[in-house]
Amino acid sequence: MLAGPYEAFPVDPRLPEPYFAINQGVTAHHGMVDIARVREGDVVFVSGAAGGVGSLAGQVAKALGASRVIGSAGSAAKCIYLTEVLGYDAAINYRDGRVLADLREAAPEGVDVVFDTVGGEQFEAAVQAAAPGARLALCGALSGQLDDGPGAHPRLDVMTAIAKDLVILPFTTMHTPEQLQAWNSAYGSWLAEGALIYPHTLVSGGLQAAPVVLDELLAGTHRGNVLVQVAT
Ligand SMILES: NC(=O)c1ccc[n+]([C@@H]2O[C@H](COP(=O)([O-])OP(=O)(O)OC[C@H]3O[C@@H](n4cnc5c(N)ncnc54)[C@H](OP(=O)(O)O)[C@@H]3O)[C@@H](O)[C@H]2O)c1
């Protein structure tokens, strides 16, 4: 039984450490389950796949039965992390400048689900690489939130969206008791079964390190959910 929205609720005893409860999984789970409605056999593309939300979103899609999960990130090392640690089937380094070509190569039959945390050229490429009837869950807009330059804000190719019957779904996770409960229950089970790992970077240095770590987070220095350890 979950407590009210402003009350504490117990940490799932299946978590190896209490801090495993600090994560962006509610959004990853809500976006994949309730918005994109991932089903068995879907081909899924997650942008910003090494970030807090994306590093869980790809794993959630796999746990829900997606047949192929493709992620994008901003370095070759992060792409290796996606495929070798997080179980992505393919990874795209968007800094190589060939997002659409790489996406088409990774998903020759098209992408059924897009979980977009970036926007910009990655959203535009996802529309072109989408399969007929694809669902595009729009979670974030990192390219436009952090930068206002050319290409930061995507343009929708409306004719392609119409011709392919695309379903474009921007969403905000409200962290309702139902959403929290659904995620926490699935997370505990998947962790216990080994179907999912908790992708995180634990940084020491106390609260005074937090502003520096925040800058590093936005600059792409870290992977997964980034936590600052305030006390030992
Ligand atoms: N809809 C909702 O309810 C909801 C809830 C939570 C979060 N969000 C949104 O979801 C997005 C992701 O959140 P998060 O917590 O996962 O983010 P995060 O972990 O803070 O993401 C940081 C990563 O973003 C990437 N990045 C930074 N600038 C970028 C750019 N210009 N283009 C592409 N990637 C860039 C970097 O990775 P690389 O090194 O790979 O570039 C960086 O490591 C944000 O836009 C956030 O506001 C939405």
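**Reading the domains, helices and backbone of a predicted model**

Guide: The C-alpha centres of domain 1 and domain 2 are separated by 25 Å. Domain 1 covers 23–170 and domain 2 covers 199–232, with bounds that come from an automatic or database domain assignment. The model is predicted: local features need pLDDT of at least 70, side-chain atom pairs count only at pLDDT 80 or more, and totals for chains, interfaces and linings use all residues. Residues are numbered from 1 along each chain as its sequence is written.

Visitor: How many residues does the contact take from domain 1 and from domain 2?

Guide: Two residues are in contact if their C-beta atoms, placed from the backbone, lie within 7 Å. Here domain 1 contributes 11 residues and domain 2 contributes 7 residues. On the side of domain 1 that touches domain 2, the elements giving two or more residues are α2 (54–63) and α3 (76–84); helices are DSSP runs of H or I with at least four residues, strands are runs of E with at least two, and both are numbered from the N terminus.

Visitor: Which angle and which distance describe the packing of α1 and α8?

Guide: Two packed helices are described by the angle between their axes and the distance between the axes. Axes are lines fitted to C-alpha atoms, for helices over the stretch in contact, and angles run from 0 to 180 degrees between N-to-C directions. Helix α1 (residues 25–35) meets helix α8 (residues 177–193) at about 100°, with the axes 9 Å apart. The two helices are therefore roughly perpendicular to each other, a class that spans 65 to 115 degrees, whereas angles under 35 count as roughly parallel, over 145 as roughly antiparallel and the rest as oblique. G25, V26, H29 and H30 of α1 make this contact with Q179, L180, A182, W183, A186 and Y187 of α8.

Visitor: What is the phi of R37, and what is the phi of D165?

Guide: Most residues other than glycine have a negative phi. R37 has a positive phi near 50°, and D165 has a positive phi near 60°. R37 sits in the loop between α1 and β1 (43–46), and D165 in the loop between α7 (158–163) and β6 (167–170).

Visitor: Is D165 buried or exposed?

Guide: A residue is buried if 20 or more other C-beta atoms lie within 10 Å of its own, exposed if 12 or fewer, and partly exposed in between, with C-beta atoms placed from the backbone. D165 is exposed, with 11 other C-beta atoms within 10 Å; R37 is partly exposed, with 14.
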